[in-house]
Amino acid sequence: MENISSVWPLAAVVISLTAAIPILLSERRPNLREGWTLLAGLGKLSIVAALLPGVMAGKRYVFTIAEVLPGVPIQLRVDAMGMFFALVASFLWIFTSLYSIGYMRTLREHDQTRYFASFAVAISATIGVAFSANLLTLYLFYEMLSLSTYPLVTHERNADSRASGRKYLTYILGTSIGLVLPAMLIVYAAAGTLDFTTGGILAGTTLSPATLALLLILFVAGFAKAGVMPFHAWLPAAMVAPTPVSSFLHGVAVVKVGVFSILRVIFDIFGPDLLRDLNYGVVLTYFVSITILSASLIALTQDNLKRRLAYSTVAQLSYMILGAGMLTAAGMTGGLLHIAMHAFGKITLFFCAGAIYVASHKKYISEMDGLGRRMPITYAAFFLGSMSIIGLPPFGGFISKWKLVVGAAEGGQMVILTVLLVSSLLNAAYFLPIVYRGFFMPPREASVAQVREAPAFCLVPLCVTALGSMALFFYPDIFLRLAHLALGE
Amino acid sequence: MSETNLHMVILAAPLLAAFAVNLLGRLSRAWIAPLTLGALGISTLASVGILFQVLGEGTIRYTVGNWSPPFGIELVVDPLSALMLLLVSSVALVATVSALKSVQLEMEGREHLFFTLYLILIAGLVGLVLTADAFNLYVLLEITSITSYGLIAMGRGRAVLSSFNYIIMGSIGASFYLLGVGYLYILTGSLNMADIAGILPGLNAGAAVATAFAFLLVGLWIKMAFFPLHGWLSPAYSHAPTGAGVLMAPLVTKVTIYLMIRIMFSVFSPEYVFSAHPGIQTAIVWAAALGILCASALALGQRDLRKMLTYIIVAEVGYMVGGVWLANANGMTGAVLHILNDALMTLCLFLSVSAIASRTSSLSFDSLGGLYRRMPLTMAAFTIGAFSMIGVPPTCGFFSKWYLILGGVEAGHWGFVAALVISSLVNAVLFFRIIEIAFFGNIPGEPVVQEAPTEAPWSMLSPLVVTAVALIVVGLGSGRIVSGIISLTIPGGF
């Protein structure tokens with residue numbers, strides 16, 4: 001692989017970070033302020049897109065920010081896996097921004113300047129995670145993301161959001177300091193480096209299998225943004241945030257960053273071969289299967305739409321780790337692909353949930369009877385998004401799920417295969433009734449008759465992402481190619 | 001002996017300014033600021049000069065009054081003391097900008113007295129860093145302590161009582177140290193550190209040497225507030241005038257840790273310290289771990305911002321003592337780097353405290369509600385300081401903690417590793433509790449009152465912002481600091 005020294009990775013990361021300053025300064029001129037947000041978003045996507053051809057050709061762009069520890073610089077490196085994630089995040093980011101503008105303005109939310117500034121820092125941190133060249137840099141941006149999303153999660157500033165914010169930080173920061181940091185130090189003490197290397201860096205070290213098992217546990221549990229049970233409870237709690245924040249948490253950034261970090265560690269710190277030799281992959285898949293099934297079951301019982309979506313996310317995140325844990329080519333590809341496919345599907349669903357709230361101020365599924373006929377576009381998009389998550393053709397979700405099924409079958413994992421099938425049925429069981437109630441049940445309240453579609457700023461993004469998740473079925477090539485490159489095939 | 005006398009400039013500038021401030025400050029307070037800042041500015045510039053000189057030419061030795069050692073007093077500037085000189089003088093300079101304002105607010109009319117003591121304290125700290133004479137060290141230790149007692153007693157309320165408490169504890173500590181020096185003098189007939197270090201290994205007096213070593217250590221531990229000898233610190237620093245707090249909190253304990261390193265490795269040797277008495281080394285690291293945990297627990301119990309910070313200082317002392325006693329290069333690197341980082345972090349937090357105190361009635365948690373809206377810049381800087389204490393990269397606190405934990409992993413001392421990780425978590429709780437109050441306001445559920453920003457005066461804000469930026473710059477530069485300076489300070493035998 002060819003390494004090219006370039007400042008563009010740094011530019012991609014810091015462009016929105018710097019945009020936070022003019023955003024803060026343009027408090028009195030909202031249009032200008034949102035202009036900065038969109039400008040930075042477009043700039044970021046352009047930079048990422050400009051790096052794409054090189055990465056597809058097998059190049060890696062490197063930028064060293066500072067030499068901080070012997071053998072471990074703070075360094076950015078754009079490789080296929082990072083590009084994969086950055087592409088998804090920076091693309092969806094623009095639509096999240098547009099949607100935020102519509103949502104926040106329609107609801108006349110307070111403190112919009114702080115909101116957009118925090119958002120800008122958070123997306124910088126996300127791209128930083130994607131482009132991190134080593135575990136230390138990843139940890140740095142991971143923490144930056146946790147801290148910058150705190151004001152977003154607690155945006156409402158009431159007792160509820162205070163409690164949720166506390167829960168959010170306790171889980172996210174507590175695990176990263178308490179589990180990931182020591183794990184990172186043990187890796188560094190043993191391997192002398194933290195560089196992400198295809199095939200891993202732990203293979204030749206003197207660490208005993210027991211220590212390696214401990215490390216795996218520390219990492220999988222420590223990156224609690226991935227919501228693997230029992231460290232998932234922050235996710236439903238964080239639903240008190242405004243809906244664009246939830247879609248950012250679920251679609252673009254936070255939870256995906258957690259999964260991405262775990263996949264990085266599995267692929268580039270442990271290395272699939274080492275895990276295969278120790279037979280830890282199977283253990284990991286069984287472990288996350290518990291999360292998949294129980295989170296899906298809990299989702300069934302939730303009446304609050306956003307909470308149902310949150311539990312669905314918990315289950316879907318574990319799909320990605322499940323795929324990686326299979327340690328077969330198809331499984332790992334499927335796990336990685338599912339990051340993109342789920343992002344498009346889930347962000348659509350959250351956009352729809354927000355649009356429903358903006359238009360009708362309803363949060364509970366049981367109140368939404370008949371709403372679909374008043375908001376056909378939103379509900380159609382919701383249907384498309386849920387089909388993708390269930391994993392049916394012609395939607396992107398089918399491709400990743402197919403890969404996962406193939407991966408399980410290749411590995412002869414009948415149990416995993418069953419888990420995948422059962423959970424797909426559960427997905428259908430908790431999504432489709434929402435659509436059914438919307439279109440076919442008579443409205444329970446008279447107020448439903450006055451409801452109209454949400455404003456265009458909300459509607460356009462959700463249509464784009466819904467169609468996007470369909471487009472991914474027909475044109476998955478870029479993502480497939482990047483996934484293959486990332487896995488060194 | 002060196003050609004230039006830069007180190008004398010560093011020492012003399014604050015000392016002479018102290019007298020000038022006392023005389024001219026009586027005539028007009030307009031003299032105080034230029035004299036103080038001018039002297040400290042000169043000290044800082046000279047420290048930068050001497051740091052480069054030492055890095056370029058090696059250790060500088062200077063004999064005061066040309067009385068050759070071991071009879072005369074010798075001053076030594078090696079890489080470690082050059083780093084400390086720069087730290088002391090620059091922290092003092094930055095702290096003074098804020099102190100000038102807060103002293104003016106708190107004790108109108110007594111400013112010249114305050115700054116006289118203040119400058120002598122700084123001169124004493126510089127002297128402590130420079131001296132290579134064990135008895136001279138005692139004298140300077142008392143100079144810094146006595147000026148501290150005076151500065152603390154100038155505070156309001158229970159300050160006098162706290163100062164008295166500190167006098168008792170401080171005098172006990174000084175007596176221990178002096179006893180230790182006495183033993184060494186009887187054994188070796190010398191007070192010069194290098195001279196003693198040359199004579200000690202040849203002596204056949206194990207118990208007496210051990211007693212001397214123990215007395216010296218305990219004396220310094222009391223002075224640095226190493227748990228459980230920390231009782232004086234919290235009341236003293238929380239009742240001191242804000243202007244004295246910003247100087248003492250970052251510097252006094254850190255300089256004392258430097259002195260411990262000096263005694264351990266310049267008077268005694270790593271072989272003696274770590275190997276002569278089996279079990280002691282591990283026991284002290286355990287004590288440090290325990291101290292970290294207990295001080296963190298005490299910090300959790302506080303409901304006043306400044307009191308909480310004072311207990312964090314005690315916990316951080318455990319970090320550094322533990323790091324030095326891990327007896328490996330990573331632990332030592334971490335400890336020295338943490339002296340630097342902790343001084344800066346404490347400075348940042350105490351500067352924010354004085355900025356906040358200038359605008360709020362008290363520093364109890366209840367009066368901190370809604371501060372993010374009222375003082376956005378102050379709180380931004382406070383947040384950076386807090387992140388550094390928690391150990392969030394790229395702030396500097398992360399990197400010293402990294403070396404310390406790595407040293408613990410290498411030494412297989414899991415108790416110390418656990419204590420560091422737990423203390424980071426406790427710090428996260430401590431600071432997010434305040435961040436939450438400041439972000440949300442006080443009473444849950446009550447609508448937030450929209451208040452216009454009322455930032456602290458610019459003279460308190462600018463040093464704070466500078467320090468907050470320094471936390472990140474030093475963090476990103478820690479690779480260079482370690483390879484360029486700190487690696488030179490690791491004594492042979494590690």
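**Domain contacts and local backbone features of a predicted model**

In chain A, 17 residues of domain 1 are in contact with 21 residues of domain 2, two residues being counted as in contact if their C-beta atoms, placed from the backbone, lie within 7 Å. On the side of domain 1 of chain A that touches domain 2 of chain A, the most is given by helix α3 (residues 80-106) of chain A, with 14 residues; helices here are DSSP runs of H or I with at least four residues, numbered from the N terminus. The residues of this side of domain 1 of chain A divide into 14 nonpolar, three polar and no charged, where Ala, Val, Leu, Ile, Met, Phe, Trp, Tyr, Cys and Pro count as nonpolar, Asp, Glu, Lys and Arg as charged, and the others, Gly among them, as polar.

The model is predicted, and local features need pLDDT of at least 70, side-chain atom pairs count only at pLDDT 80 or more, and totals for chains, interfaces and linings use all residues. Residues are numbered from 1 along each chain as its sequence is written, while chains are lettered from A and ligands numbered from 1 in the order in which they are written.

Helix α5 (residues 135-153) of chain A has 19 residues, which at 1.5 Å a residue should span 27 Å, and its end C-alpha atoms, 26 Å apart, agree with this; the expected span is 1.5 Å times one less than the number of residues. Of the 19 residues of α5(A), 19 are buried, so this helix is largely enclosed by the rest of the structure, a residue being buried if 20 or more other C-beta atoms, placed from the backbone, lie within 10 Å of its own.

Several loops carry backbone features of note. The peptide bond from Pro393(A) to Pro394(A) is cis, with omega near 0°, and Pro394(A) is placed in the loop between α16 (376-390) and α17 (396-410) of chain A. In chain B, a cis peptide bond with omega of about 5° joins Pro393(B) and Pro394(B), Pro394(B) being in the loop between α16 (376-390) and α17 (396-411) of chain B.

Although Leu327(A) is not a glycine, this residue has a positive phi of about 60°; Leu327(A) lies in the loop between α13 (305-326) and α14 (329-360) of chain A and counts as buried, with 24 C-beta neighbours inside 10 Å.

Key. Helix = DSSP H or I, 4+ residues; strand = E, 2+ residues; numbered from the N terminus. Buried ≥ 20, exposed ≤ 12 C-beta atoms within 10 Å, placed from the backbone.
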